[in-house]
Amino acid sequence: MKSHYRAVIIGGGIVGASVLYHLARRGWTDIALIERAELTAGSTWHAAAGFHAINDDPNIAALQTYTIKLYKEIEAESGQSVGMHMPGGYSLATTPARWEWLRSEYAVYQTLGIEARLATAEEIVADCPIVDPAGLLGGLFDPHEGAVDPHGTTHAFAIAARKRGADVVLRNRVVALSALANGHWRLDTELGTVTAEHVVNAAGLWARRVGRMAGVDLPLLPMMHHYLITEDLPVLQARQDEMPCVTDLEGFTYLQQERKGVLLGVYERNPKHWKPEGAEWDYGMDLIPEEIDRISPELEIGFRRFPSLAQAGIRRWVNGAFTFTPDGNPLVGPVPGLRNFWAACGCMGGFSQGGAIGLVLANWMTEGDPGSDIFGMDVARYGRFASNDRYLRDTTAQFYSRRFVIAYPNEELWAGRPLKMTPSYDAQRALGARFGVVWGMETPQYFAPGEPDFVEEPSLRRSNADRFVAAEVAATRSAAGLLDTGVYGRYEVSGPGAAAWLDRLLANRLPPPGRLRLAPMLSPSGRLMGDLTVTCLGPDRFWLVGSYYLQEWHLRWFREQRPPASVTIENLSESWLGFSLSGPSSRQILARLTREDVSDAALPFLGCRRLDVGPTGAVVARLSLTGELGYEINVPALQQRALWGALLEAGADLGLRPIGMRAQDSLRLEKGYGVWSLEFTASCTPSMCGLDRYVAFDKGDFIGRAAALADRERGADQRLVLLALGPGDADVTGYEPVHAAGRRVGYVTSGAYGHHVGASLALAYVERSIADAPAPLTVTVVGEERPARLLAEPPYDPRGARLRA
């Protein structure tokens, strides 16, 4: 072990070994992996080591595909067998709802380019004769499902990294971490002191302990997970090939062939945490005593679905611990608030995601960019609230117990809630608000006034709550709608030099005092880092407004751009709240609450003023996401409840109605407006999504200018378009494939029913040739092909006259 390295990876599991290899492959050879015991000691050695490409986040699914393709390469490079078996796998449908869901998933597979197929019950039983066909309706076959040898695969990464010059230091625990003034780190280990320019926390079961050494509490917890391995089965002894894997989704079990027996794993509905602070330091290649009684309900289902298991002996029980995050995806990337300290942990699917984590982290560390949109695994997707013990226990247990449960697009889950509420929360509940949650904040989805017993039914099709959404849309188009904007992230940038710093940070031209502009923010690669608005409140004072759940992500980016000492960045997201008031009556309502002139001349479109609104002191900006005349009224958080009451009273006789996020989705789709995380993501360029019209290429240099200019001149391969779908009882939810003449030409980003225009609408990225010369299209919605028409302009107020009224 040397005294200094460019990077040190703490942890010798599959993820740490992958990070070491990928950094070495990128040319960083002055690096070391430090492991307290042996490679794989922790979760890796006892893992079932299954892999698959599917993930709820298609960006992560694409990275999992990379991991699977990497295994043969790493085996060849290292000379170490990874023991790869890829017979494919079936996900079973034993209820009509599950069959409908699998048909929808199959469409997403098409978008991802995964060559999956739907299978009949007869095909499944012929391929997997140990499956009992009782109640089996069909399934989905993924050809990229299989398993590897956890020991061989981890060592293959380590051997290949060593060949490229990396060090692997075993039996040496890191006992302390200290941040140095120059951004480097001091690591005190059992074998001596090491300094490193970068530290990667890939410590698995010990990741929370290692994080706390650096002063951060990471949102992850270990949980128990069982599987059993049977003795040989005659039906498998008789066959020459390997039986495909099987996941019984309604049975909460997964199965894969293990020699001539099988491995049966369980995701029980009564999960149990283990060592919430992290494993003891001397824990290694150990197992937890099995708790068969606790998982017996799921085992009984498994033995019914695979009845031949009852005739086989059990060779081995495994009850091991894996770390879980609230959403089940890993924690990857630069940890907010710490220089050169990186996360690569919380990975419960290490053999599906380990290779991908190594790839994106090596890209990020060496180039400053992960290379793709990986927000779904970015450590900055969580705030400090997510590390609360109660919150972590509730949300990780919810994820584990619902591992194989259908996730419906209109379903709101309740773990860790309610946590954060705006001051008007109780008043909104009293009027029938039904809430969702965004980054811990309770957010109204719709209002069911006068119907306290109404229950929304989870569905892939149009919800039974749509009548409430339709009424909110109608009120906004004809009178006014009032939306809680607690889901907005707000930041103040002030001080001498603020304008110059923002002019480089943002791609648009800065507005003059009293005005605001839409503000794309780019990475050096020319891809989007934000879809913000910037408001100039004075010569040295600006507000930035974006998505509430991106606070840590955006603040980390702001800090990385090194604002000068004279510039202050303050997060106002908790201290300022407000409402969006929009609709043809909104000006009249606002005028009733202020003595100031709010006419079009005094407060024009994209104008901003300080006003007394009722009893509150507000910053009022004139814009809306509904396509109507509208205002965003921002007040100190403690005044938000008073503002709510004043607005409702002033608008009572003018038809004002509280609305939720679902109505706003319907309204924005009628205008063809995109939003962050759906249409606008870190994988998009401005010319792809139409934001290039807000980019001031002629203003001088800014972050990402050269790359964005090159992209504009080259022309984007895909364009964002608005589609109207043919009749049906379901709307798109995202990532459904778009076809032209049987060929996949794009995919959907979001959609909703346009209640005012009476059409199912979808925003989608399609090939440039389709955008330039529209052709007959189809979109797969809940497994059914629907005709789709590309709209040359929004179906509602295409000239924007109402917005600028």
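Contact is taken here to mean heavy atoms within 4.5 Å. The model is predicted, so that local features need pLDDT of at least 70 and side-chain atom pairs count only at pLDDT 80 or more, whereas totals for chains, interfaces and linings use all residues. Residues are numbered from 1 along each chain as its sequence is written, and side-chain values use heavy atoms, with hydrogens and water left out.

Aspartate 378 is located in the loop between α9 (350-367) and α10 (389-401), helices being DSSP runs of H or I of at least four residues and strands runs of E of at least two, numbered from the N terminus. Aspartate 378 has a relative accessible area of 2% and is buried (under 20%, with a 1.4 Å probe and protein chains only). Residues up to four places away in sequence aside, Aspartate 378 touches Val332, Trp364, Trp553 and Arg556.

The second largest pocket is lined by 37 residues, with Pro334, Trp364, Gly368, Trp557 and Glu560 lying nearest its centre. Two or more lining residues come from each of α9, β24 (528-538) and α14 (551-560); α14 gives the most, with 5 residues. A pocket is an open set of points on a 1 Å grid over the protein atoms alone, with protein on both sides within 12 Å along at least five of seven lines, and lining residues have an atom within 4 Å of a point. By class, the lining comprises 17 nonpolar, 9 polar and 11 charged residues, where Ala, Val, Leu, Ile, Met, Phe, Trp, Tyr, Cys and Pro count as nonpolar, Asp, Glu, Lys and Arg as charged, and the others, Gly among them, as polar.

Terms used: Buried < 20%, exposed > 50% of the residue type's maximum accessible area, 1.4 Å probe, protein only. 1 Å grid on protein atoms, 1.4 Å probe; cavity = no way out; pocket = protein on both sides within 12 Å on 5 of 7 lines; lining within 4 Å.
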